[in-house]
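Please walk me through this structure, starting with how its parts touch one another and ending with the chain as a whole.

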Amino acid sequence: MRVIHAVSNVPLVWLILIFSDFRDCKNGFQCGVNANFRPFSTNWRQSDGGFQKPRHRQRLHYWNYHHHHDPNPDPNLDDLEETVTTEEIDQVLEEVTALRSGMVLNRDLDFLTLSPISVDSSRPKMTVLLDILKSIGFIWKSLSTLATLLLVFFVSQSFSFWRSVYDIARSIQGQMDDINLILASHAARRRMSGGTYSPEAQQFLEDIASKLRAYHVFMWARHVRRFRVLLTEKGFSRMVTKGVLSYKEKETLDMQLGVPKDQQHQILLEWIMFNCREARKKKILNGGDGMERILLDKICSLRDLSSQISSKTSGRMPLPYIQVVQILLDVFILLAPLAQYPDLGILTIFSVGIITLFYSGLFLLALIFLDPLDREGGFRDSHAILDMAVFIRESNISSSLYQKAASVLRWTPAS
């Protein structure tokens, strides 16, 4: 995490917290009541002029939080129609259509660098002031246990949310693979041609695989901010050019005027179900009621899993709980230098730097866990963000895997 670089200017770290995190409290909360927030961060980036705040930094403020609007909504499709360029769409399509795998999580590590520290060794002996600081130290020690337990629980809950989104994404891939496997193993074959697919069955399998790939792209384009450009009219046109959609499929989707662009992946799913039913009537698919029941169950499960992504991201964690954790940690870190100075003296600088690093770093990590799809757009380079383009490319590869694996099968009687 880039938050690690905060320790590179250790002597100033607690002063930075005091004068920076509390400076803008008067501006009020900038996140809505639906937990779609841009969390504050304590990370810093290095430039020629020293350490500066990153441009995406946006704090959680403490006051005036009764705003009932989303402070960071998804880009409006009408606005994207006017601003998006062909190059941006092609860049996204290159990520989701390439027939290669990749790393879902970035495992590269940033390096930690420390700046030299210069301190004043003199320590004023003020008895009254030390007595006051010792009283603050008593309060700080009381907060220490509460802050630690609450932070650990907060990180644990945030990671559970991150893991649930990851598991759902993998389950969506699994349901799509199951559908392709069932169809490939039940497609009609020509016995006189070595057990190969009939022309109708071959065309049917390719059509279903294409629609499943398009469904997967559209479904994630609804949830991932940087993929949302694909839902514009320009995005549709470029997908036809790149072969993600056929021209006939685009015309059919354009005819559904009553369905919003970000919901048109449901049309593709119904289209797949309808084609499977018609293929069974025309004997393109072999199998009885059991096969049809399992196939329909897989398609419905795919729809259910896809809808769970929206349910989880819209209600990931109550905002007041995040408020309490942040305020408690800010007060705990703010009081740390005052509470530790009577016992540690000048070494308080190092102690507060370590406390700020780990407590603020864990809090920032928890906030990143709460945004695994980078819907807020502030943690694109984080190592905890799921790269959904990798998921889509993996599904693109497996969409034709079972069709090719079962292209030549012969019935072998038991010996």
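Two residues are in contact here when they have heavy atoms within 4.5 Å of each other. By that criterion, in this predicted model, Thr86, Ile89, Asp90 and Leu93 of helix 3 meet Lys234, Gly235, Arg238, Met239 and Lys242 of helix 6. Sorted by class, this contact between helix 3 and helix 6 holds three nonpolar, two polar and four charged residues. Helix 3 covers residues 86–97 and helix 6 covers residues 233–242; their axes lie 10 Å apart, at an angle of about 55°. Angles of 65 to 115 degrees count as roughly perpendicular, those under 35 as roughly parallel and those over 145 as roughly antiparallel, with the rest called oblique. Helix 3 and helix 6 are therefore oblique to each other. Their crossing is right-handed.

A second pair of helices is helix 10, residues 319–344, and helix 11, residues 348–369. The axes of these two come within 9 Å and cross at roughly 170°, which makes helix 10 roughly antiparallel to helix 11. The contact of helix 10 with helix 11 has 14 nonpolar and six polar residues, and no charged ones. On the helix 10 side, the residues include Ile322, Val325, Leu329, Phe332 and Tyr341. On the helix 11 side, Val352, Ile355, Tyr359, Phe363 and Leu367 are among them.

Helix 9 runs over residues 289–314. With 26 residues at 1.5 Å a residue, helix 9 should span 38 Å, and its end C-alpha atoms are 38 Å apart, so the two values agree. Several residues of helix 9 are buried, including Met291, Leu295, Ile299, Leu302, Leu305 and Ile309. Lys298, Ser306, Ser310 and Thr313 are also among the buried residues of this helix.

The loop between helix 8 (265–281) and helix 9 contains Gly287. Is Gly287 buried, exposed or partly exposed? Its relative accessibility is 37%, so Gly287 counts as partly exposed. Apart from neighbours within four places in sequence, Gly287 is in contact with His186 and Arg280. Gly287 and Ala187 are 100 residues apart in sequence, yet their C-alpha atoms are 9.0 Å apart in space.

Finally, the chain as a whole. Its secondary structure comes to 13 helices and four strands. The protein chain has 415 residues, of which 48% count as buried. Among contacts with a separation of 6 or more, 79% join residues 24 or more positions apart.

Technical notes
Residues are numbered from 1 along each chain as its sequence is written. This is a predicted model: local features need pLDDT of at least 70, side-chain atom pairs count only at pLDDT 80 or more; totals for chains, interfaces and linings use all residues. Side-chain values use heavy atoms; hydrogens and water are left out. Axes are lines fitted to C-alpha atoms, for helices over the stretch in contact, and angles run from 0 to 180 degrees between N-to-C directions. A crossing is left-handed if the near helix is turned anticlockwise from the far one by less than a right angle, and right-handed if clockwise. Ala, Val, Leu, Ile, Met, Phe, Trp, Tyr, Cys and Pro count as nonpolar, Asp, Glu, Lys and Arg as charged, and the others, Gly among them, as polar. The expected span of a helix is 1.5 Å times one less than its number of residues. Buried means under 20% relative accessible area, exposed over 50%, partly exposed in between (1.4 Å probe, protein chains only).
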